[in-house]
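Me: I'd like a close look at one part of this model, the surroundings of the ligand. Could you take me through that site in one go?

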Amino acid sequence: MVTITGIDFKNPTMLASGIMGTTGASLLRIAGCGAGGVVTKSIGPEPKAGHPNPSMIELECGFLNAMGLPNPSYTEFDNEMKIVRSGTDVPVIASIFGGNAEDFVKVAEGLADSEPAAFELNVSCPHAEGYGATIGTDTCMVESITAAVCDAVDVPVWVKLTPNVTDIKAIGKAAQNGGADAVVAINTLRGMAIDINSGYPILGNRFGGLSGPAVKPVAIKCVYDLYEALDIPVIGVGGVSTWEDAVEMMMAGASAVQIGSAVHESVDIFSDIASGIDLFLQDKGYSAVEDIIGLSHEVF
Ligand code: DHB
């Protein structure tokens, strides 16, 4: 078991936002597959159709997506939250987004009734004008939005960071100064693919966010830097698809790992990775996951 921001997780794996997180039923399915926690698809203040298709493509090194934050708004999603909350004890974290502090507060207050274990603030989606990384690259906005949500809710507030910045530590510190209980790193890396027969960009939005194995070294470095710079926990996400990847992310400083793209291989990934971590700890004579969190910082 691991406790992060006061929430007990039976193991240090979680479903990352954006994958299988649009309905109560799909979140319940993942909760039943051994995930320590589940994070919803990002929910906003108004219904949003998202970007035109194609909105997701597979590449040799991962996935490119530009969904465009499609969601039914918090008023409609509240019911999905209630479905998942009433069907499992696995902590459910509500990912939320907005264009400003008022939006974020409105969504957080609107979903507070369905008692998420925590809120994860999406200030990092790389391709939604006016949302996500538009906000998350500005330290003042990150700090003030975080502070506003922390004021408005009684549960922990996590802030998901974009790697599309020069210095992720500055953004992490802004979240921490705003009162964040944890940061989550990283969201996707801005990327693009072009069809050489037509010459057109493939994604409907032209560019999107890269996820999967290619981004893991970027995520490891961001987690490593944030662990040194901050006093709050860092939750690692980006390219984790094996228990070895999870151990590496934890040694960089992650208190837990979120898994997104690799879910497309198998929904058993959560229990596979959790038991792989356990066996590794036993093999090496560690007594708990805490023994390996940030271990790479002690080596020198
Ligand atoms: C979307 C949002 C994200 O935060 C992300 O990393 C990728 C896609 C989206 O809905 O478009």
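How many residues of the shell around the ligand are nonpolar, how many are polar and how many are charged?

Reply: Happy to. The shell holds six nonpolar, six polar and one charged residue. Here Ala, Val, Leu, Ile, Met, Phe, Trp, Tyr, Cys and Pro count as nonpolar, Asp, Glu, Lys and Arg as charged, and the others, Gly among them, as polar.

A word on the basis: this is a predicted model, in which local features need pLDDT of at least 70 and side-chain atom pairs count only at pLDDT 80 or more, while totals for chains, interfaces and linings use all residues. Residues are numbered from 1 along each chain as its sequence is written, and side-chain values use heavy atoms, with hydrogens and water left out.

Now to the ligand. Of the 13 residues around the ligand, those that come nearest are K41, G68, L69, H127 and N187; a residue is near if one of its heavy atoms lies within 4 Å. Polar contacts, meaning pairs of N or O atoms within 3.5 Å, include one from the backbone of M67, where an N or O atom is 3.1 Å from a ligand oxygen. Side chains take part too: an N or O atom of N122 lies 3.1 Å from an oxygen atom of the ligand, and for T188 the side-chain distance to a ligand oxygen is 3.1 Å. The protein covers 90% of the 290 Å² of accessible area that the ligand has on its own (Shrake-Rupley method, 1.4 Å probe).

The ligand sits in the largest pocket, that is, more than half of its atoms lie within 2 Å of the pocket's grid points. A pocket is an open set of points on a 1 Å grid over the protein atoms alone where a 1.4 Å probe fits, with protein on both sides within 12 Å along at least five of seven lines; its lining residues have an atom within 4 Å of a point.

An unreviewed UniProt entry places a "binding site" at K41, N65, A66, M67, G68, L69, N122, N187 and T188. From this set, the pocket lining takes in K41, N65, M67, G68, L69, N122, N187 and T188. Such annotations may be inferred rather than shown by experiment.

The peptide bond from N53 to P54 is cis, with omega near -10 degrees. M67 belongs to the loop between β6 (62-65) and α2 (74-87).

Conventions: Polar contact = N/O pair within 3.5 Å; in protein donor to acceptor, adjacent residues only side chain to side chain. Helix = DSSP H or I, 4+ residues; strand = E, 2+ residues; numbered from the N terminus.
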